[in-house]
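Please look over the sequence and the model below before reading on. The paragraphs after it are meant to be read with the structure open beside them.

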Amino acid sequence: MSDLDVKKKWQPGKRDFIFLAVVASVILVLVLGTSDRTTKNVPSDTIHLQVTSRAECMACHAVDAIKPQPKGHTRADQCFQCHKQPQNWNQRPL
Ligand code: HEC
Ligand code: HEC
(Lines give C-alpha, C1' and ligand atoms only; values in the text may rest on other atoms or scores of the structure.)
(Ligands and ions follow the chains in the order given, each with its own letter.)
Protein backbone atom coordinates (compact mmCIF):
# COMPACT_ATOMS: atom_id res chain seq x y z
CA MET A 1 0.00 0.00 0.00
CA SER A 2 1.43 3.29 -1.04
CA ASP A 3 0.53 6.69 0.40
CA LEU A 4 -1.29 7.57 -2.85
CA ASP A 5 -4.16 5.20 -2.09
CA VAL A 6 -5.11 6.97 1.12
CA LYS A 7 -8.20 9.04 0.48
CA LYS A 8 -8.19 12.57 1.83
CA LYS A 9 -11.14 13.63 3.92
CA TRP A 10 -13.09 16.33 2.03
CA GLN A 11 -13.15 19.73 3.61
CA PRO A 12 -14.84 22.82 2.16
CA GLY A 13 -12.26 25.22 0.81
CA LYS A 14 -12.38 28.89 -0.16
CA ARG A 15 -13.68 28.12 -3.67
CA ASP A 16 -16.56 26.06 -2.28
CA PHE A 17 -17.71 28.99 -0.18
CA ILE A 18 -17.50 31.34 -3.15
CA PHE A 19 -19.58 28.89 -5.20
CA LEU A 20 -22.22 28.67 -2.48
CA ALA A 21 -22.33 32.45 -2.16
CA VAL A 22 -22.94 32.81 -5.90
CA VAL A 23 -25.75 30.22 -5.83
CA ALA A 24 -27.35 31.92 -2.83
CA SER A 25 -27.28 35.36 -4.46
CA VAL A 26 -28.83 34.05 -7.68
CA ILE A 27 -31.71 32.52 -5.70
CA LEU A 28 -32.12 35.76 -3.74
CA VAL A 29 -32.35 37.83 -6.93
CA LEU A 30 -34.95 35.47 -8.40
CA VAL A 31 -37.08 35.52 -5.26
CA LEU A 32 -37.00 39.31 -4.95
CA GLY A 33 -37.86 39.67 -8.64
CA THR A 34 -41.21 37.94 -8.21
CA SER A 35 -42.81 40.59 -6.01
CA ASP A 36 -46.15 42.13 -7.01
CA ARG A 37 -46.32 45.34 -8.97
CA THR A 38 -45.97 48.38 -6.77
CA THR A 39 -47.51 51.12 -8.90
CA LYS A 40 -50.42 53.01 -7.42
CA ASN A 41 -53.92 51.84 -8.25
CA VAL A 42 -56.16 54.08 -10.30
CA PRO A 43 -58.53 55.43 -7.62
CA SER A 44 -62.03 53.92 -7.59
CA ASP A 45 -63.73 57.31 -7.54
CA THR A 46 -66.42 58.80 -9.80
CA ILE A 47 -63.88 60.48 -12.13
CA HIS A 48 -61.89 57.36 -12.78
CA LEU A 49 -64.84 54.98 -13.18
CA GLN A 50 -65.98 56.71 -16.37
CA VAL A 51 -62.72 57.26 -18.24
CA THR A 52 -62.21 54.99 -21.23
CA SER A 53 -59.40 56.49 -23.28
CA ARG A 54 -55.82 57.54 -22.85
CA ALA A 55 -56.68 61.00 -24.16
CA GLU A 56 -59.15 61.46 -21.31
CA CYS A 57 -56.56 60.31 -18.76
CA MET A 58 -54.02 62.73 -20.17
CA ALA A 59 -56.48 65.63 -19.96
CA CYS A 60 -55.84 65.47 -16.20
CA HIS A 61 -52.47 63.71 -16.05
CA ALA A 62 -50.38 65.56 -18.66
CA VAL A 63 -47.45 67.68 -17.46
CA ASP A 64 -49.40 70.92 -17.20
CA ALA A 65 -52.68 69.37 -15.99
CA ILE A 66 -54.24 69.04 -12.54
CA LYS A 67 -52.42 65.86 -11.44
CA PRO A 68 -49.38 65.35 -13.69
CA GLN A 69 -47.57 62.06 -14.10
CA PRO A 70 -44.18 62.12 -12.36
CA LYS A 71 -41.14 63.34 -14.27
CA GLY A 72 -39.68 60.62 -16.48
CA HIS A 73 -42.93 58.62 -16.42
CA THR A 74 -43.29 56.13 -19.26
CA ARG A 75 -45.18 57.27 -22.35
CA ALA A 76 -46.77 53.84 -22.72
CA ASP A 77 -50.47 53.85 -23.62
CA GLN A 78 -51.82 50.98 -21.55
CA CYS A 79 -52.33 52.73 -18.21
CA PHE A 80 -54.07 49.72 -16.66
CA GLN A 81 -51.16 47.46 -17.49
CA CYS A 82 -49.28 49.07 -14.61
CA HIS A 83 -51.95 50.91 -12.60
CA LYS A 84 -54.67 48.55 -11.44
CA GLN A 85 -58.00 49.68 -12.86
CA PRO A 86 -60.76 50.90 -10.52
CA GLN A 87 -63.20 48.36 -9.13
CA ASN A 88 -66.31 48.02 -11.34
CA TRP A 89 -64.52 50.12 -13.92
CA ASN A 90 -66.59 51.42 -16.83
CA GLN A 91 -69.89 50.70 -15.11
CA ARG A 92 -72.12 53.58 -14.19
CA PRO A 93 -71.96 54.24 -10.45
CA LEU A 94 -75.37 54.21 -8.74
C1 HEC B 1 -61.07 64.58 -14.63
C2 HEC B 1 -59.65 64.45 -14.33
C3 HEC B 1 -59.02 63.04 -14.31
C4 HEC B 1 -59.11 62.06 -15.28
C5 HEC B 1 -59.90 62.09 -16.59
C6 HEC B 1 -58.27 60.97 -14.82
N7 HEC B 1 -57.72 61.29 -13.61
FE8 HEC B 1 -56.42 60.12 -12.54
N9 HEC B 1 -56.44 61.49 -11.02
C10 HEC B 1 -57.09 62.72 -11.05
C11 HEC B 1 -56.86 63.39 -9.79
C12 HEC B 1 -57.40 64.79 -9.43
C13 HEC B 1 -56.06 62.53 -9.00
C14 HEC B 1 -55.56 62.75 -7.57
C15 HEC B 1 -56.66 62.63 -6.55
C16 HEC B 1 -57.15 61.24 -6.40
O17 HEC B 1 -56.41 60.40 -5.86
O18 HEC B 1 -58.33 60.95 -6.75
C19 HEC B 1 -55.81 61.35 -9.80
C20 HEC B 1 -55.03 60.28 -9.39
C21 HEC B 1 -54.62 59.25 -10.23
C22 HEC B 1 -53.62 58.24 -9.89
C23 HEC B 1 -52.80 58.19 -8.62
C24 HEC B 1 -53.56 57.67 -7.45
C25 HEC B 1 -52.74 57.83 -6.20
O26 HEC B 1 -52.87 56.98 -5.33
O27 HEC B 1 -52.00 58.82 -6.08
C28 HEC B 1 -53.51 57.40 -10.96
C29 HEC B 1 -52.58 56.19 -11.09
C30 HEC B 1 -54.43 57.86 -11.96
N31 HEC B 1 -55.09 58.98 -11.48
C32 HEC B 1 -54.60 57.28 -13.20
C33 HEC B 1 -55.54 57.68 -14.13
C34 HEC B 1 -55.83 56.95 -15.36
C35 HEC B 1 -55.12 55.68 -15.80
C36 HEC B 1 -56.81 57.64 -16.01
C37 HEC B 1 -57.50 57.24 -17.31
C38 HEC B 1 -58.15 55.91 -17.29
C39 HEC B 1 -57.13 58.82 -15.20
N40 HEC B 1 -56.35 58.80 -14.07
C41 HEC B 1 -58.06 59.79 -15.54
C42 HEC B 1 -57.82 63.23 -12.10
C43 HEC B 1 -58.16 62.55 -13.26
C1 HEC C 1 -44.99 50.72 -17.74
C2 HEC C 1 -45.79 50.97 -16.55
C3 HEC C 1 -46.70 52.20 -16.53
C4 HEC C 1 -47.67 52.55 -17.45
C5 HEC C 1 -48.06 51.84 -18.73
C6 HEC C 1 -48.29 53.75 -16.92
N7 HEC C 1 -47.68 54.10 -15.73
FE8 HEC C 1 -48.20 55.69 -14.54
N9 HEC C 1 -46.69 55.25 -13.23
C10 HEC C 1 -45.84 54.16 -13.36
C11 HEC C 1 -44.89 54.21 -12.26
C12 HEC C 1 -43.76 53.18 -12.04
C13 HEC C 1 -45.21 55.35 -11.48
C14 HEC C 1 -44.54 55.88 -10.22
C15 HEC C 1 -44.74 54.98 -9.03
C16 HEC C 1 -46.16 54.85 -8.49
O17 HEC C 1 -47.17 55.02 -9.18
O18 HEC C 1 -46.30 54.56 -7.31
C19 HEC C 1 -46.37 55.97 -12.11
C20 HEC C 1 -47.02 57.10 -11.62
C21 HEC C 1 -48.15 57.67 -12.17
C22 HEC C 1 -48.92 58.76 -11.60
C23 HEC C 1 -48.60 59.49 -10.32
C24 HEC C 1 -49.16 58.75 -9.16
C25 HEC C 1 -48.85 59.48 -7.86
O26 HEC C 1 -49.78 59.89 -7.16
O27 HEC C 1 -47.65 59.62 -7.55
C28 HEC C 1 -49.96 59.03 -12.44
C29 HEC C 1 -51.03 60.10 -12.26
C30 HEC C 1 -49.86 58.09 -13.54
N31 HEC C 1 -48.76 57.26 -13.34
C32 HEC C 1 -50.74 58.04 -14.60
C33 HEC C 1 -50.64 57.17 -15.69
C34 HEC C 1 -51.49 57.25 -16.86
C35 HEC C 1 -52.62 58.26 -17.07
C36 HEC C 1 -51.08 56.23 -17.69
C37 HEC C 1 -51.62 55.91 -19.10
C38 HEC C 1 -51.51 57.00 -20.09
C39 HEC C 1 -49.98 55.54 -17.05
N40 HEC C 1 -49.74 56.15 -15.84
C41 HEC C 1 -49.31 54.42 -17.56
C42 HEC C 1 -45.88 53.19 -14.35
C43 HEC C 1 -46.71 53.19 -15.45
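Predicted model: local features only at pLDDT ≥ 70, side-chain atom pairs only at ≥ 80, totals over all residues.

Buried residues account for 2% of the 94 residues in the protein.

Helix α1 covers residues 14–32, and its 19 residues reach 27 Å from the first C-alpha to the last, which is close to the 27 Å expected at 1.5 Å a residue. This helix is hardly covered, since the count of buried residues among its 19 residues is zero.

Turning to the ligands, ligand 1 has 16 residues around it, of which Val51, Cys57, Cys60, Lys67 and Cys79 come nearest. The elements that give two or more residues to this shell are α2 (46–50) and α3, and the largest share, five residues, comes from α3. By class, the shell around ligand 1 divides into nine nonpolar, three polar and four charged residues.

Ligand 2 also has 16 residues around it, and here Lys40, Cys57, Ala76, Cys79 and Cys82 come nearest. Two or more residues of the shell around ligand 2 are given by each of α3 (54–61) and α4 (79–82). The shell around ligand 2 is made up of five nonpolar, eight polar and three charged residues.

Definitions and conventions. Residues numbered from 1 in each chain as written. Chains lettered and ligands numbered in written order. Near = placed C-beta within 6 Å. Helix = DSSP H or I, 4+ residues; strand = E, 2+ residues; numbered from the N terminus. Nonpolar A, V, L, I, M, F, W, Y, C, P; charged D, E, K, R; others polar. Expected span 1.5 Å × (residues − 1). Buried ≥ 20, exposed ≤ 12 C-beta atoms within 10 Å, placed from the backbone.
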